Amino acid sequence: MKNNKIFYFIVILIVAIFFVLLLGLKEEKNYSPQPETKKLNNSISLQELYSGKNIFLNDLLLENELNLINIWASWCLPCKAEHPYLINLNERFDINLIGINYKDNLDNSKKFLSDLGNPYDEVLVDSDGIKSIELGAIGVPETYLINNEFKIIKKFIGPLDQDDYENIISLIKK
Amino acid sequence: MINQIGAYSLYICLFVSVYLILKSYISSKNFDKKIDQTFFATLSVQLLMTILSFFTLVFAFVFSDFSNITVFNNSHTLKPLFYKISGTWGNHEGSLLLWLLVLTFFLFIFFVTSKKMNVRYRILTILFQEIIILGFLLFILFTSNPFLNIFPIPDEGLGLNPILQDPALAIHPPLLYVGYVGTSIIFSASLAALITKTVDNVWASHIKNWILISWIFLSVGILLGSIWAYYELGWGGFWFWDPVENVSLMPWFCLTALLHSIIVLKNRNVFHSWTVILSITTFSLSMSGTFLVRSGILNSIHTFANDPSRGVFILTFLLFLVLLAVFIFFFNQKNFPDTYQRSFLVSRETSILINNWFMMFFLSVVLVGTAYPIFLEVINDAKISVGPPFYHKLIVPFLIPFLFFMALGPNIKWIKDKIKKLNISQIIFLILSFVISFFIVLNTNTNYLFSTLLFTFSFYLFFNVINSFQKKNSNLSQKVSHLGFSIFMLSILFNGILSKENSANMKVGDEINFLNKKLIFENVKVESDSNFKKLVGEFKLNDNGKIIHFKPEIRVYSQPETITSEADISSTLFSDNFLVFSLIKNDGFFNVRYQHKPLMIWIWISVLLMSLGGVFSFFKLNEK
C-alpha cells in the first residue's frame, strides 16, 4: 500500500511539472494579459538600415497614430508570406510601421526590401538579436501593436494571416 | 536530389523503427531460446540508412549546397572546410540527426555485444530503444527536418555563428551527445532487465561498460565546453553556472552516482532498485536538458531555435518516456531479487552510499538553481536570477565532508570492516594537510576557516590517493580518477585564492603599472583572414624582469556580422597569463583586461585524469 501512495505521488508530481513547463513554453506567446504594465523599454536604440544612424526606438513612435513594430529577417520564409499584408496595411491605412531586421545580413535585407517592396516607415537593424529579445521576441516574425501611450497592446507571434490583418484594421478604424 | 536521398533514408528508418517496435513487442511475448536473425538485418538497415542520411547532410555542407535550407542558414562558401563539416551539427536540425546516428549506432553495438545475455532482455532493450528512436525520428521529420528545399536556390549562405568557429567547440557537441545518448541505452536496458527479472550482478557488469562510455564522453564533452568558454568568451572563467552548463552537469552527477552504485550491485548484489532509479533519472535528465536547450525556454548562446512547437513535442515525448519508466518500475517491483544482505555501518557499501547521497545533494542544488527560476516565472511572473553565489554557498561547505569520505572510502573493505584504534598514517596525513593548508591560507590573506578546511581535506584526499598507489589490492582506475579529482579540487582552490586581475582603458603607447608588473600597449594592426578581419593588439608585460608578449585579437566576421574578442593566453604548467582587449568607442581607446591564473592547465589535466580512470576501467586494466 505504501508503494502505491509513492507511485501516485510521483505520477502527479511529474504531470504537474509537465504542465508548468508547458505553460512556460506558452507564456510569451500569449497576448500580454495586463497590457498597461507592458510599457516599451525606452532605452532601446538601434541602427537605421540605410543611413546607419543610431536611433532610439521610442523616438520613432508617433502619438497620433497606431504604431506597429514588425520583427523580420530576409532568411525567414514566413516573413515572405506575411509581407503582402504589411504592404497593404501601410498603403491603405494611417499606420506607423517600424521594421526591426533580426540577425540578418545587411545586403540580403536590402535586397529583400527592393525585391518585395518596402512597407516600413523606418527599418532598424538588430544584428545580434539582443534588442528584439529585450522587446520580448521569441523568434521571427513577430508583430507588436503599440498604442499612443507607447504600450504594447497586442502581440502577434508568427506570420500575420487574414484574421490578424482584419484584426489590425478594426483597431485602426476605432 | 541529394536532399531527397537524405529525407527518404530517414523515412526508411521510420518504417524500420515501427517494424522493430512491433516485432520486438511480439517476440518478447514468446520465450524463444534463440533470437531472430531478422533483428540483426533490420538493425543494420536502420543504422546504414541513418549513416547515409547523416553523410548526405555533411556532403551538402561540404559542397555548400544552398538548395538545402539548413545549409543555407548555417554555412557559407568562404568558411574553412573544417567548419563547414562541423557546421553539420552546429545547428538544431543537424545536431538532431547526429543524435539519431548515435542512438542507432549504440543500439546496434549493444545488440552485437550482448549475445551472452538473456534473449528476452535483449529484445526488450531493442523495444525501448526503438521507442526513443521513433520519437526522435518523428521530431526530426515533422518539426526539424534538415532536408527541406529552398527555391530559388540562393547564391550564398548566411554563415555559421562565428563564435562557434573554434576547434574545441566543433568537437564538443558530438562528444557530449555520445554521453547524453549513451544514457538512453542504460535507460532501455534497465527497464528491460527489470521486466525480465535480471537486475543482478551479471547485468551490472554488462551494463557497467555502457555507463563508463557515457560517463567518459560526458566528462570530456563538458571539459571541452569549459575550455572553449575559457578561451573564447574572454571572461577568464571556465564555469559560469549558466543554465545550459548546468543541464550537462546534472546527468553527470547522476551518472557518477550510478557508476559507483553499479559497482556495489556487481560485487555485492544489493542496491537493485536504487540502480534502476538512477538509470531512469540519468536519461530523464539528459532529455530534460535537450528540452531546456532546444525549446527556447532558456536564452543562451546554446539556444538553437525558438520554435515553440519543438518545445511542446520534446516535452510531451519526455513526459511519455518518464511515465512509461515510472509505470514499469512500480508494476515490476516484485521482480527485484530478494537477496537480503546484512549490511554494516563500516563497509565499502556504506561509503559508496554516502557518495551517492552527496551526488544527489549536488544534483538537487543544481536542479533547483536551474529549474526554480523557470517555475517562478510561470507561476508568479517574477524574474529571479540564480548565480554563482547560490551554488557556491550551497555546494562548497558540503565538499568538506565529501572529500573526507572520498579519502577514506576506498580504504574500507566490503561487507564489514573495523575502525582501527589509531591509524597512524591517517593521522599524519590529516595533520600534515592541515599544517600545509594553514600556511597557504595564512600567506594569501584569505582568513577563512572554510578555505583552510577545504585545502586540508583536498590535501588529505591527495595524500591518501598517492599512498594507495603503493597498495596492490585496490583498483587502478579508481585511484587514477580519485587522484584526478583531488588535483581538480586543489587546482581550483589555488586558482581561486591566487588569481589576480587588472582592467584598464588604454590606447597605443600607454603604459600601466600594477602588482609589480608593467604592461605596455605597443601597437595595433589590421589583418585579414579568409572569413574575417581582425585587429591584432601587441602588448608587452614585464613581470619582475620576465617578459611576456601578448597578441590578443578583435575579430570582425562578415557572415553574419559579428565582433568577437580572442584572448591571448600564455600557459605554463604553473600559471596562465590571460590578456583580452575590446573596443570601447572610436576614439582609439581599448579596454584591456589582464588576468593571472595559477594552475589553470591542471584543471583540464585533472578532468582528463578522471576520465582516464574510466578508460582504464572500461578496458579492464584493473583485473590484471
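1. Basis. The model is predicted: local features need pLDDT of at least 70, side-chain atom pairs count only at pLDDT 80 or more, and totals for chains, interfaces and linings use all residues. Residues are numbered from 1 along each chain as its sequence is written, while chains are lettered from A and ligands numbered from 1 in the order in which they are written.

2. Chain A, overall. Helices (H or I, at least four residues) and strands (E, at least two) are DSSP runs, numbered from the N terminus. Their order from the N terminus is α-β-β-α-β-α-β-α-β-α-β-β-α. Of the 174 residues in chain A, 35% are buried. Buried requires 20 or more other C-beta atoms within 10 Å of a residue's own; exposed is 12 or fewer, partly exposed is in between, and C-beta atoms are placed from the backbone. Among contacts in chain A with a separation of 6 or more, 74% join residues 24 or more positions apart. A contact has the two C-beta atoms, placed from the backbone, within 7 Å.

3. A:Ile168. This residue sits in helix H6 (residues 162-173) of chain A. A:Ile168 counts as buried because 21 other C-beta atoms lie within 10 Å. Leaving out residues up to four places away in sequence, A:Ile168 touches A:Leu89 and A:Leu145. A:Ile95 is 73 residues from A:Ile168 along the chain, and their C-alpha atoms are separated by 10 Å.

4. H1(B) on H6(B). The axes of helix H1 (residues 2-29) of chain B and H6(B) come within 8 Å and cross at roughly 150°. The pair is therefore roughly antiparallel. Axes are lines fitted to C-alpha atoms, for helices over the stretch in contact, with angles from 0 to 180 degrees between N-to-C directions. Over 145 degrees counts as roughly antiparallel, under 35 as roughly parallel, 65 to 115 as roughly perpendicular and the rest as oblique. The residues of this contact comprise 17 nonpolar, 4 polar and 2 charged.

5. H9(B) on H12(B). Helix H9 (residues 243-268) and helix H12 (residues 348-380) of chain B pack at about 165°, axes 9 Å apart. They are therefore roughly antiparallel. The residues of their contact divide into 16 nonpolar, 8 polar and 2 charged.

6. Loop residues to check. Most residues other than glycine have a negative phi. B:Trp241 lies in the loop between helix H8 (201-232) and H9 of chain B, and is partly exposed, with 19 C-beta neighbours inside 10 Å. B:Asn269 is in the loop between H9 and helix H10 (272-294) of chain B, and is partly exposed, with 16 other C-beta atoms within 10 Å.

Methods
Nonpolar A, V, L, I, M, F, W, Y, C, P; charged D, E, K, R; others polar.
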